[in-house]
Amino acid sequence: MPPPSVPTATIRTQVLVPLRLGDGYTATARVFSFDGLVDGQEHVAFGLGDRAAPLTSSGTGQIPLVRPHSECLTGDVLGSQRCDCGSQLREAVHRIADSGGYVLYLRQEGRGIGLYAKLEAYTLQDTGLDTYEANLALGHREDERSYLVAAQMLKALGVREIALLSNNPDKALQLRRFGVQVTSRVPTGVYLSDANAGYLTTKAKRGAHTLDIRL
Ligand SMILES: [Zn+2]
């Protein structure tokens, strides 16, 4: 099967934003917006470390560390303990600012089902369904995320090869299918709490995430 074509997107704006995380960590990010992303959502890339420098067309240098991060309002903004998204995002910023690369912040809440549906899925999880079963019960697929926009963003940034910061094998598979060379997959930490133990165990079992969880 020939690889699916990746429509060209272009950089719309790039601007420096100084960051200070909740833990006091500071870094400078070059934030990129895009024209031409296939789903019309406002996905953004945060260039960190050497990738906070202005983008040049000759853009060689080291292979960037890249974290495609799916938006999670409750976890990213307010530190919800029902998932590990906030901790994952913070870790990604720390590590990528150290080694150089991008956080691709993808506007696909709740594995692509949206924020309201995610909250409805939580109510089903409180009755005993796991995170994937709850999505199915709501008429969604287990995981509706596509990483085509991530591939478009990388292409617009002139990035053909990446080290992928992720425990999710589907991200690597999809990105490779969309023509991104994933030269290595770097696992992220596991952030276990009483409230997210079930969620993480399910991700490890059903989503084949490479998580080393000891309960
Ligand atoms: Zn989350």
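Good morning, colleagues. Please keep in mind throughout that this is a predicted model.

I begin with the metal. Which residues coordinate the zinc ion? The zinc ion is held by the SG atoms of Cys72, Cys83 and Cys85, at 2.2 Å. Along the sequence, these donor residues follow the spacing C-x10-C-x1-C.

Are Cys83 and Cys85 buried or exposed? Cys83 has a relative accessibility of 5%, and because buried means under 20%, Cys83 counts as buried. Cys85, with a relative accessible area of 13%, is buried by the same cut-off.

I turn next to the surface. Leu73, Val77 and Leu78 make a nonpolar surface patch of about 330 Å². One of these residues, Val77, lies in helix α1, which spans residues 73–78. Val77 has a relative accessibility of 57%; the limit for exposed is over 50%, so Val77 counts as exposed.

Finally, I come to the strands. Strand β6 covers residues 161–165, and strand β7 covers residues 181–186. How do β6 and β7 run, parallel or antiparallel? They run parallel, and five bridges join them. Within this pairing, Leu164 has Arg185 of β7 as its bridge partner.

To close, I would recall two points: the zinc ion is coordinated by Cys72, Cys83 and Cys85, and β6 and β7 are parallel strands joined by five bridges. Thank you for your attention.

Terms used:
Residues numbered from 1 in each chain as written. Predicted model: local features only at pLDDT ≥ 70, side-chain atom pairs only at ≥ 80, totals over all residues. Heavy atoms only, no water. Pairing = 2+ DSSP bridges. Helix = DSSP H or I, 4+ residues; strand = E, 2+ residues; numbered from the N terminus. Donors = N, O, S within 2.8 Å, 3.2 Å for Na, K, Ca; no water. Buried < 20%, exposed > 50% of the residue type's maximum accessible area, 1.4 Å probe, protein only. Patch = residues over 30% accessible without salt bridge, like charges linked within 9 Å, V, L, I, M, F, W, Y side chains within 5 Å. Areas by Shrake-Rupley, 256 points an atom, 1.4 Å probe, with all protein chains shown as cover. Salt bridge = Lys/Arg side-chain N within 4 Å of Asp/Glu carboxyl O.
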